[in-house]
Amino acid sequence: MSRWSAGKKIYQMARRLKVQRGGFAALYFLDALGASYRHQASPENYFVLRFYEMSDAERQTYLTSGRSASADRALNWSMTREKEEIMSHKHLFYQSFSDFVHRDFLYVPELPFMEFSAFLDAHDIFIVKPDRGIMGQGIKKLCTREVKEPKALYEECKAKKCLLEQVIVQHEALEQISTCVNSVRINAARDKRGNVRLIGACLKCGAPGTVADNFHSGGVAYPLNLETGVVTGPGRNNTEIKDYEYHSGSSVYMPGFALPHWEQVRACAIQAMGMIPELGYVGWDIAVTRGGAELIEGNCHWPGGNIIQLDKIGKYPLIKECLK
C-alpha cells in the first residue's frame, strides 16, 4: 500500500471517529499516524481496538497488523509451496484436514455435471463458496428446489472455481444467537521448541440475514476466555464504536455465554497445527456442532489480531515468547 493510500485510510477513519465519538478529526489523524509509526497499527487497529483510549505503554502490548505480519513471516517461514497451496485453496484444505472436516463438499471444476447434479439431489440446502475467497466474500446459501437451471449453476461454479458444501448444523445453543454458523476463532502459534500455544479466541456471530459470520461482513466478535470458553464481555464490529452486550439479531445477552464442547474446540485447534508441522502461526475457524467441533478453515497468512484482543488484553507478549 502506498503512503498516499495509507494516509487516505487513516483520514477516513479519523472522520468516522469524529462523527461517532466527537472531537477533532485532525487530532485522531495525527495520533493514528503516530500509532502507525511506533506500533505498526493499521487504521482498523486504531478504530476497533480503540487505541484512542490507550496510553503508549498499553499500545505496546497489542498485536497490531504490522506485528502480526512480522510474526507470520517469522513463524511460517518454513512453509513449502505445496503446503501454501493447501492452506490457500479450500478444496485442498478439506482433503488434507479430513479428520476435522465432516461435511460433504464438491469442488466443481474437477467433476462432471452428473456428480454436481447428484450433490444437489442429496442436499435440500447447500453452500456455494469460492475456492480462494476471503473475508466471507462470495458465499451464498441456496435451496435446491429454487435452482431452476442446474446446468447454468454448474457452469458458473466451474468458471468461478467454486465449491458446494453441505450446510453445517451448529449446536442449538448457537442457533438461537444467529442462524448462520457462528464460529470460534482461535489463534495458535508454535514456539521455537515446537510446542503449540493458544494465543487468543473469540466467538464470531453473524449479522441478521447474513450467510457468513465474518467480521468484515457485518458480524460481531465477542471475546472468549481461552480456558473456559465463556464470553467475557460485550462484542464489537469494525464499523461502529459500540459495545454489543445483546446480539443485534436475536437479543441474546452474550456476556457469560458458555460455548458447548469447549475442550474439543481447543483440541481441534491444537491437533490441526500438528497436521502440517511447518505451520507456525494460524487463525483457526471452528464450528461448534451438536457432536463437538468441526474445522471450517485455517487463516495462515492473515490470522487476524483485532478480534482475539477484544478482551482488552494485548496478545503481543505471547507472540514474542514464541519468537524467542
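Predicted model: local features only at pLDDT ≥ 70, side-chain atom pairs only at ≥ 80, totals over all residues.
1. In what order do the strands of the open sheet of 4 strands lie? The order is β1-β4-β2-β3, and the pairing is antiparallel. Strands here are DSSP runs of E of at least two residues, and helices are runs of H or I of at least four residues, both numbered from the N terminus. Two strands count as paired if DSSP finds at least two bridges between them. The edges are formed by β1 (105–107) and β3 (140–143), each of which pairs on one side only. From one strand to the next, the twist averages 25°.

2. Residues are numbered from 1 along each chain as its sequence is written, and side-chain values use heavy atoms, with hydrogens and water left out.

3. Strand β2 has partners in both β4 and β3. Strand β2 (residues 125–130) is joined to strand β4 (residues 162–166) by 5 bridges, and the two run antiparallel. A further 4 bridges join β2 to β3, again in antiparallel fashion. Val 128 illustrates both pairings: its bridge partner in β4 is Leu 164, and its bridge partner in β3 is Lys 140. Pro 130 stands opposite Cys 162 in β4. Because 5 of the 6 residues of β2 are buried, this strand is largely enclosed by the rest of the structure. Buried means under 20% relative accessible area, exposed means over 50%, and partly exposed lies in between (1.4 Å probe, protein chains only).

4. Contact means heavy atoms within 4.5 Å. Axes are lines fitted to C-alpha atoms, for helices over the stretch in contact, and angles run from 0 to 180 degrees between N-to-C directions. With helix α9 (residues 150–159), α8 packs at an angle of about 115°, the axes being 10 Å apart. The two helices are therefore roughly perpendicular to each other. The crossing of α8 and α9 is right-handed. On the α8 side the contact is made by Phe 113, Phe 116 and Leu 120, and on the α9 side by Pro 150, Lys 151, Leu 153 and Tyr 154.

5. Helix α5 (residues 65–75) and helix α12 (residues 316–323) form another packed pair, at an angle of about 20° and with axes 11 Å apart. They are therefore roughly parallel to each other. The classes are: under 35 degrees roughly parallel, over 145 roughly antiparallel, 65 to 115 roughly perpendicular, and the rest oblique. α5 passes α12 in a left-handed crossing. Arg 67, Ala 71, Ala 74 and Leu 75 of α5 meet Tyr 316, Ile 319, Cys 322 and Leu 323 of α12 in this contact. A crossing is left-handed if the near helix is turned anticlockwise from the far one by less than a right angle, and right-handed if clockwise.

6. The structure holds 0 disulfides (pairs of cysteine sulfur atoms within 2.5 Å). The sulfur of Cys 162 is 4.9 Å from the closest cysteine sulfur, in Cys 157, which is too far for a bond. Cys 205 is likewise in no disulfide; the nearest cysteine sulfur, that of Cys 180, is 7.8 Å away. Cys 162 is buried, with a relative accessible area of 7%, and Cys 205 is buried at 0%.

7. The loop between β7 (220–223) and α11 (262–275) contains Ser 251 and also Met 254. Ser 251 counts as exposed at 54% relative accessibility, whereas Met 254 is buried at 0%. Leaving aside neighbours within four places in sequence, Met 254 is in contact with Ile 177, Leu 203, Cys 205, Tyr 222, Val 231, Glu 245 and His 247.

8. Backbone angles deserve a remark. Ser 251 has a phi near 65°, a positive value in a residue other than glycine. Arg 50, in the loop between α3 (43–48) and α4 (56–59), has a positive phi near 60°. Arg 50 is buried, with a relative accessible area of 8%.
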